[in-house]
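Please keep the sequence and the structure in view while reading.

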Amino acid sequence: MPDMERWPTTRLLSTAARLVEISWNEKLKSIGLTHAGVIAMQVLAAKGAITQAALAEVARVKAQTMGTTLARLELHGHVTRHRSDSDRRSHVVTLTEAGTAALAEAVKLEQDVLSPVAVDTARLREELRIVVRGLAGIPAPEQAVQDDGTELSQG
């Protein structure tokens, strides 16, 4: 690789993101998942059964893109979709037991991606959350104060 000392921060960040995503996608492929599928399953694990449209909105993707992702997840038994009782035009998506197990494996694989790199992943995560919050206009969480009077990050 060329001399990275001269690269702007944005190039370092985008290159790192691409390399991490490529590595993670290769690992996910071994268990029949994609990055998009993991995101959908994480939302379902956090929120429970929700409509396909709401899932797409939370994941910040187009409904058509989410439909493709869910079709693959459904084919592998990771999610189920059924028509909503209250609105027959919508589908409610639910994470299955197999999906929960696959998600747990995906989390382990994600941790493996950076294991060969000498980096403080907790600090890296915090710095990236700060960048995302700042650029997305999301206010920082309130700071908790420890017994000694120092601030404790809640992020």
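Helices (H or I, at least four residues) and strands (E, at least two) are DSSP runs, numbered from the N terminus.

The model is predicted: local features need pLDDT of at least 70, side-chain atom pairs count only at pLDDT 80 or more, and totals for chains, interfaces and linings use all residues. Residues are numbered from 1 along each chain as its sequence is written, and side-chain values use heavy atoms, with hydrogens and water left out.

**Helix 1**
- Thr-15, Trp-24 and Leu-28 are the buried residues of helix 1; buried means under 20% relative accessible area, exposed over 50%, and partly exposed in between (1.4 Å probe, protein chains only).
- These buried residues pack against helix 2 (35-47) and helix 5 (97-113), where contact means heavy atoms within 4.5 Å.
- Glu-26 also belongs to helix 1, but Glu-26 is exposed, with a relative accessible area of 55%.
- Glu-26 and Arg-129 are 103 residues apart along the chain, and their C-alpha atoms are separated by 25 Å.

**Helix 2 against helix 3**
- Helix 2 and helix 3 (residues 52-59) pack at about 110°, and their axes are 10 Å apart.
- Axes are lines fitted to C-alpha atoms, for helices over the stretch in contact, and angles run from 0 to 180 degrees between N-to-C directions.
- Helix 2 and helix 3 are therefore roughly perpendicular to each other; angles under 35 degrees count as roughly parallel, over 145 as roughly antiparallel, 65 to 115 as roughly perpendicular and the rest as oblique.
- On the helix 2 side, Ile-39, Ala-40, Val-43, Leu-44 and Lys-47 meet Leu-55, Val-58 and Ala-59 of helix 3.
- The residues of this contact comprise 7 nonpolar, no polar and 1 charged; Ala, Val, Leu, Ile, Met, Phe, Trp, Tyr, Cys and Pro count as nonpolar, Asp, Glu, Lys and Arg as charged, and the others, Gly among them, as polar.

**Helix 3 against helix 4**
- The axes of helix 3 and helix 4 cross at roughly 105° and come within 9 Å, which makes the two helices roughly perpendicular.
- Helix 3 contributes Gln-52, Leu-55, Ala-56 and Ala-59 to the contact, and helix 4 contributes Ala-63, Met-66, Gly-67 and Leu-70.
- Arg-60 lies in the loop between helix 3 and helix 4 and has a positive phi of about 60° although it is not a glycine.
- Arg-60 is exposed, with a relative accessible area of 73%.

**Helix 4 and the sheet**
- Met-66, Gly-67, Thr-69, Leu-70 and Leu-73 are buried in helix 4, and the buried residues of helix 4 pack against helix 2, helix 3, strand 2 and strand 3.
- Helix 4 (residues 63-75) lies across strand 2 and strand 3, running at about 115° to strand 2.
- Just after helix 4, Gly-77 takes a positive phi of about 80°.
- The open sheet consists of 3 strands in the order 1-3-2, with antiparallel pairing; two strands pair if DSSP finds at least two bridges between them.
- Strand 1 (50-51) and strand 2 (79-83) are the edge strands, each pairing on one side only.
- Strand 1 pairs with strand 3 (residues 91-95) in the antiparallel sense over 2 bridges, and Val-92 in strand 3 is the bridge partner of Thr-51.
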